[in-house]
Every structure is written in structure tokens, then in C-alpha cells.
Amino acid sequence: VEKLFAEEQQAYAAASDAWKATADRYQNVEGMLEGSFEANQVRWLRGRALVRAGEVFNGIEELDATLAAAVEQAADNSPGNKQAKQAASQLVLAAREELAAAHYYGARLLREEGRSPGVWKQVSETSRQQFRFLAEQTAEAGEADVSRNLQRNLERVLDLEQQDRSELVGRPIPKD
């Protein structure tokens, strides 16, 4: 069992290093595309990679910036901008979903570290709000399967908030 645990930890470390290298490459690409819509899409990818590399709160910062820029782009009412506005709206939804997951992981990590409920519950609350909003929006749009998956993620956040800390310790972090 100890050997398997060591191999698992080694695999997680290798995956984390690969995701970090990916995030660094995305940062380079984002710099080349600076100021364009595509740069914001790359920022979203970089935020995802940082979260997966274990740099959850750095990833959250990138995803927050992505969301703010995408919301602004989606609200642009310039004539002849329908396709760009639609792409920005899709990026808003993707960024919200990734932010919800990142906040879940962040809250879980804070809880496992033994941080006070005042700290980790704020992070968890953000996750819960995002998943709920997305579940409601997709249900209204008639995307029942997507809405059910988002609802399940919302339930996972609620479970995290209601479980005793001892129930979390030693459990693996859920995989994507």
C-alpha cells in the first residue's frame, strides 16, 4: 500500500509539473496576443492549467480576470459584432464553470489545512453561487444534461460544507 501511495504521489507531482509548464507556455502565447479576444481565451486556458498544477488561488486570479474581460466583451453592443459577442458569452460560461470548480478545490484545501470556517466558507460560497447560477441558466436554456451535472457539482460543494473535517482528511481530491 505504501508503494502504491508513493507512486500515486509521484504521478501527481509529475502531472503538476506538466500543468505548470503548460501554464508557462500559455503565458507566453497570451503575451503575443495581448489585447485581443484570443488573449483572453488563452488566459482562461492558463487559469485552468494553474488550478490543475495545484496553484489554485493563482489560477482563480487568472480566471477572475478572464471572466471580467469576457463579460465586458459580451456586453459590447457594437454593430456587426454578433459572432464575437457570442464567443465572449461562451467564454463567460466556461470561465464561471472553471471558477466554480477552482473555488471548490480551494475551499477543500483550506479546510484540509485546518483554516477557520470564516476563511474556507467564503471560498466555498463563491463556488456554490457559481454552480447554482450556471445550473439555473443551463436549465432555462433547455440543456438538461449539463444542468444536472452542474447541480451535482453544487451538491458536492454542499457536502463539503456540511462534512466534518475528519471526513475529508485522507480522502483523495475528486478528479476532473
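**Burial, pairing and helix geometry in a predicted model**

Me: Leaving out residues up to four places away in sequence, R46 touches A23, Y26, Q27, E30 and E62. What makes these residues count as touching R46?

Reply: The structure is a predicted model, and the contacts are computed from its atoms. A contact requires heavy atoms within 4.5 Å, and A23, Y26, Q27, E30 and E62 are the residues that R46 touches once those up to four places away in sequence are set aside. R46 itself is found in helix 2.

Me: Why is R46 called buried?

Reply: The relative accessibility of R46 is 9%. Buried means under 20%, so R46 counts as buried.

Me: How do you know whether E30 is buried or exposed?

Reply: E30 has a relative accessible area of 13%. The limit for a buried residue is under 20%, and therefore E30 is buried. The place of E30 is in helix 1. Neighbours within four places in sequence aside, E30 is in contact with A39, V42, R43, R46 and E62.

Me: Which residues are linked with E30 in a network of salt bridges?

Reply: The network links E30 with R43, R46 and E62.

Me: What makes R43 and E62 a salt bridge?

Reply: Their closest N and O atoms are 4.0 Å apart. The criterion places a side-chain nitrogen of Lys or Arg within 4 Å of a carboxyl oxygen of Asp or Glu, and R43 forms a salt bridge with E62 on that basis. R43 lies in helix 2 and E62 in helix 3, so the pair ties together parts that are 19 residues apart in sequence. At 21% relative accessibility, R43 counts as partly exposed, since buried would require a value under 20%.

Me: How many salt bridges does the structure hold, and how do you know that K20 and E55 form one?

Reply: The structure holds 14 salt bridges. For K20 and E55 the distance from N to O is 3.9 Å, and the cut-off is within 4 Å, so this pair qualifies. The bridge links distant parts of the chain, 35 residues apart: K20 in helix 1 (residues 2–32) and E55 in the loop between helix 2 (37–52) and helix 3 (56–75).

Me: Why are K20 and E55 called partly exposed?

Reply: The relative accessible area of K20 is 28%, and the relative accessibility of E55 is 26%. Partly exposed lies between the buried range, under 20%, and the exposed range, over 50%, so K20 and E55 both take that label.

Me: What makes R108 and E112 a salt bridge, and where do they lie?

Reply: The closest N and O atoms of R108 and E112 are 3.0 Å apart, and the limit is within 4 Å, so the pair is a salt bridge. Both residues lie in helix 4 (residues 82–112), four residues apart, or about one turn of the helix. R108 is buried at 4%, whereas E112 counts as partly exposed at 23%.

Me: Why is the pair of Y104 and Y105 called edge-to-face?

Reply: One aromatic pair is found in a search of the whole structure. The rings of Y104 and Y105 lie 5.6 Å centre to centre, with 70 degrees between the planes. Centres must lie within 6.5 Å, and planes over 60 degrees apart count as edge-to-face, so the pair is edge-to-face. Y104, at 11%, is buried, and Y105, at 16%, also counts as buried.

Me: What makes R52 count as sitting over the ring of W19?

Reply: The charged end of R52 is 5.9 Å from the centre of the W19 ring. The distance limit is within 6 Å, which this value meets.

Me: How do you know that the buried residues of helix 3 lie on the same side?

Reply: The buried residues are V56, G59, I60, E62, L63, T66, L67, A70 and A74. They cover an arc of only 160 degrees around the axis, which puts them on the same side of helix 3. On the other side, E61 and E72 are exposed. What covers the buried residues of helix 3 includes helix 1, helix 2, helix 4 and helix 5 (117–140).

Definitions and conventions:
Residues numbered from 1 in each chain as written. Predicted model: local features only at pLDDT ≥ 70, side-chain atom pairs only at ≥ 80, totals over all residues. Heavy atoms only, no water. Phe/Tyr/Trp six-rings, centres within 6.5 Å; stacked < 30°, edge-to-face > 60°. Buried < 20%, exposed > 50% of the residue type's maximum accessible area, 1.4 Å probe, protein only. Lys NZ or Arg CZ within 6 Å of the ring centre and 35° of its normal. Helix = DSSP H or I, 4+ residues; strand = E, 2+ residues; numbered from the N terminus. Arc of directions from axis to C-beta.
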